[in-house]
Amino acid sequence: MPHLVILYSGNLDAIVDMPALCREAADAMLAVRDEVEAQVFPSGGTRVLAYPAPHFALADGGAAGRAAGAGKTGISGPDPGEYAFMYASLRMARGRSAAVQQRAGEAVTKALRARLDPLMATRHIGLTVQVDEGAEVFDAKHSTLHPLFRKP
(Lines give C-alpha, C1' and ligand atoms only; values in the text may rest on other atoms or scores of the structure.)
Protein backbone atom coordinates (compact mmCIF):
# COMPACT_ATOMS: atom_id res chain seq x y z
CA MET A 1 0.00 0.00 0.00
CA PRO A 2 1.17 3.31 -1.01
CA HIS A 3 -1.96 5.05 -2.17
CA LEU A 4 -2.04 8.59 -3.43
CA VAL A 5 -5.59 9.90 -3.54
CA ILE A 6 -6.05 13.22 -5.29
CA LEU A 7 -9.20 15.24 -4.75
CA TYR A 8 -9.56 18.29 -6.98
CA SER A 9 -12.04 20.88 -8.09
CA GLY A 10 -13.65 19.62 -11.29
CA ASN A 11 -12.79 22.82 -13.14
CA LEU A 12 -9.17 21.60 -13.37
CA ASP A 13 -10.21 18.91 -15.86
CA ALA A 14 -10.35 21.57 -18.58
CA ILE A 15 -6.73 22.65 -18.07
CA VAL A 16 -4.84 19.69 -16.53
CA ASP A 17 -4.05 16.38 -18.21
CA MET A 18 -5.10 14.29 -15.18
CA PRO A 19 -4.10 10.88 -16.60
CA ALA A 20 -0.59 12.23 -17.26
CA LEU A 21 -0.46 13.86 -13.81
CA CYS A 22 -1.40 10.52 -12.20
CA ARG A 23 1.27 8.65 -14.16
CA GLU A 24 3.91 11.23 -13.26
CA ALA A 25 2.95 11.05 -9.58
CA ALA A 26 3.13 7.23 -9.63
CA ASP A 27 6.53 7.34 -11.33
CA ALA A 28 7.74 9.81 -8.70
CA MET A 29 6.58 7.46 -5.94
CA LEU A 30 8.32 4.50 -7.57
CA ALA A 31 11.56 6.48 -7.75
CA VAL A 32 11.69 7.13 -3.97
CA ARG A 33 14.58 5.30 -2.31
CA ASP A 34 15.34 4.63 1.34
CA GLU A 35 18.57 5.07 3.26
CA VAL A 36 20.18 2.04 1.57
CA GLU A 37 18.89 3.05 -1.90
CA ALA A 38 16.17 0.36 -1.96
CA GLN A 39 12.88 1.17 -3.69
CA VAL A 40 10.47 2.31 -0.98
CA PHE A 41 7.14 1.55 -2.61
CA PRO A 42 6.39 -1.79 -4.27
CA SER A 43 5.62 -1.43 -7.96
CA GLY A 44 2.59 -3.71 -7.77
CA GLY A 45 1.09 -1.84 -4.84
CA THR A 46 1.54 1.74 -5.98
CA ARG A 47 -1.73 3.44 -6.83
CA VAL A 48 -2.68 6.97 -7.79
CA LEU A 49 -6.37 7.78 -7.91
CA ALA A 50 -7.83 11.17 -8.84
CA TYR A 51 -11.37 12.30 -8.17
CA PRO A 52 -12.91 15.58 -9.36
CA ALA A 53 -15.39 17.44 -7.18
CA PRO A 54 -18.16 18.63 -9.50
CA HIS A 55 -19.57 20.91 -6.78
CA PHE A 56 -17.36 23.13 -4.66
CA ALA A 57 -16.98 26.54 -3.07
CA LEU A 58 -13.52 27.99 -2.61
CA ALA A 59 -12.31 30.80 -0.38
CA ASP A 60 -14.24 34.04 -0.92
CA GLY A 61 -15.83 33.08 -4.22
CA GLY A 62 -13.26 34.99 -6.22
CA ALA A 63 -13.42 38.51 -4.80
CA ALA A 64 -9.73 38.63 -3.83
CA GLY A 65 -8.70 37.09 -7.15
CA ARG A 66 -10.66 39.64 -9.12
CA ALA A 67 -9.27 42.46 -6.97
CA ALA A 68 -5.69 41.21 -7.47
CA GLY A 69 -6.19 41.07 -11.22
CA ALA A 70 -2.91 40.11 -12.88
CA GLY A 71 -4.77 38.14 -15.52
CA LYS A 72 -5.34 35.16 -13.23
CA THR A 73 -8.53 33.99 -14.83
CA GLY A 74 -9.62 31.34 -17.23
CA ILE A 75 -10.96 28.54 -15.02
CA SER A 76 -14.70 28.21 -15.21
CA GLY A 77 -16.88 26.21 -12.90
CA PRO A 78 -19.64 26.38 -10.34
CA ASP A 79 -17.67 28.84 -8.19
CA PRO A 80 -17.62 32.12 -10.13
CA GLY A 81 -14.32 33.09 -8.54
CA GLU A 82 -12.39 30.91 -10.98
CA TYR A 83 -10.35 29.42 -8.16
CA ALA A 84 -9.24 25.79 -8.23
CA PHE A 85 -7.72 23.37 -5.75
CA MET A 86 -5.96 20.02 -5.51
CA TYR A 87 -5.53 17.97 -2.35
CA ALA A 88 -3.22 14.96 -2.53
CA SER A 89 -3.14 12.48 0.34
CA LEU A 90 -0.33 9.91 0.32
CA ARG A 91 -0.98 7.04 2.69
CA MET A 92 1.79 4.55 3.37
CA ALA A 93 2.23 1.60 5.68
CA ARG A 94 4.03 2.00 8.98
CA GLY A 95 7.72 1.36 9.45
CA ARG A 96 9.37 3.90 7.19
CA SER A 97 11.71 6.50 8.63
CA ALA A 98 10.78 10.15 8.92
CA ALA A 99 13.39 10.90 6.25
CA VAL A 100 11.75 8.46 3.83
CA GLN A 101 8.31 9.89 4.56
CA GLN A 102 9.71 13.37 3.86
CA ARG A 103 11.32 12.19 0.59
CA ALA A 104 8.05 10.64 -0.53
CA GLY A 105 6.11 13.83 0.18
CA GLU A 106 8.70 15.94 -1.60
CA ALA A 107 8.69 13.61 -4.62
CA VAL A 108 4.91 13.76 -4.97
CA THR A 109 4.88 17.53 -4.47
CA LYS A 110 7.57 17.99 -7.11
CA ALA A 111 5.65 15.86 -9.62
CA LEU A 112 2.38 17.72 -9.04
CA ARG A 113 4.05 21.12 -9.13
CA ALA A 114 5.74 20.28 -12.44
CA ARG A 115 2.22 20.09 -13.91
CA LEU A 116 0.58 22.87 -11.90
CA ASP A 117 3.23 25.59 -11.60
CA PRO A 118 2.88 26.77 -15.22
CA LEU A 119 -0.89 27.04 -14.69
CA MET A 120 -0.44 28.81 -11.35
CA ALA A 121 1.40 31.57 -13.17
CA THR A 122 -1.90 32.63 -14.72
CA ARG A 123 -4.56 31.15 -12.42
CA HIS A 124 -5.40 30.97 -8.71
CA ILE A 125 -4.90 27.33 -7.70
CA GLY A 126 -4.31 25.86 -4.26
CA LEU A 127 -2.26 22.69 -3.79
CA THR A 128 -1.97 20.64 -0.59
CA VAL A 129 0.08 17.45 -0.26
CA GLN A 130 -0.21 15.42 2.93
CA VAL A 131 1.56 12.20 3.94
CA ASP A 132 -0.09 9.87 6.45
CA GLU A 133 1.17 6.68 7.97
CA GLY A 134 -1.39 3.94 8.39
CA ALA A 135 -2.13 2.32 11.71
CA GLU A 136 -4.35 -0.39 10.35
CA VAL A 137 -6.94 -2.18 12.42
CA PHE A 138 -7.56 -4.53 9.50
CA ASP A 139 -5.43 -4.97 6.40
CA ALA A 140 -6.28 -7.57 3.79
CA LYS A 141 -4.52 -7.79 0.46
CA HIS A 142 -5.15 -9.99 -2.55
CA SER A 143 -3.36 -9.16 -5.78
CA THR A 144 -2.21 -10.69 -9.03
CA LEU A 145 -0.09 -7.56 -9.63
CA HIS A 146 2.66 -8.13 -7.06
CA PRO A 147 3.94 -11.39 -8.63
CA LEU A 148 4.70 -9.46 -11.83
CA PHE A 149 7.40 -7.51 -10.00
CA ARG A 150 8.96 -10.25 -7.88
CA LYS A 151 12.34 -11.40 -9.03
CA PRO A 152 12.69 -15.18 -9.32
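Read along the sequence, the protein chain follows the pattern β-α-β-α-β-α-β, and the secondary structure comes to three helices and four strands, where helices (H or I, at least four residues) and strands (E, at least two) are DSSP runs numbered from the N terminus. Please keep in mind that this is a predicted model, in which local features need pLDDT of at least 70 and side-chain atom pairs count only at pLDDT 80 or more, while totals for chains, interfaces and linings use all residues. Residues are numbered from 1 along each chain as its sequence is written, and side-chain values use heavy atoms, with hydrogens and water left out.

Let me turn to the chain as a whole. Of its 152 residues, 34% count as buried, buried meaning under 20% relative accessible area, exposed over 50%, and partly exposed in between, with a 1.4 Å probe and protein chains only. Among contacts (heavy atoms within 4.5 Å) between residues at least 6 apart in sequence, 75% join residues at least 24 apart.

Now to the strands, which pair if DSSP finds at least two bridges between them. Strand 1 and strand 3 pair in the antiparallel sense over seven bridges, and valine 5 stands opposite serine 89 in strand 3. Strand 3 also pairs with strand 4, residues 125-134, this time in the parallel sense and over 10 bridges, with threonine 128 in strand 4 as the bridge partner of tyrosine 87. From strand 3 the chain crosses through helix 3 to strand 4, and this β-α-β crossover is right-handed, a term that applies if, with the strands pointing away from the viewer, the path from the first strand over the helix to the second runs clockwise.

What about helix 1? This helix, residues 18-30, has 13 residues and reaches 18 Å from its first C-alpha to its last, close to the 18 Å expected at 1.5 Å a residue, the expected span being 1.5 Å times one less than the number of residues. Among the buried residues of helix 1 are Met18, Leu21, Cys22 and Met29, and what covers the buried residues includes strand 1 (2-9), strand 2 (47-53), strand 3 (84-93) and helix 3 (98-120).

Finally, alanine 99 is found in helix 3.
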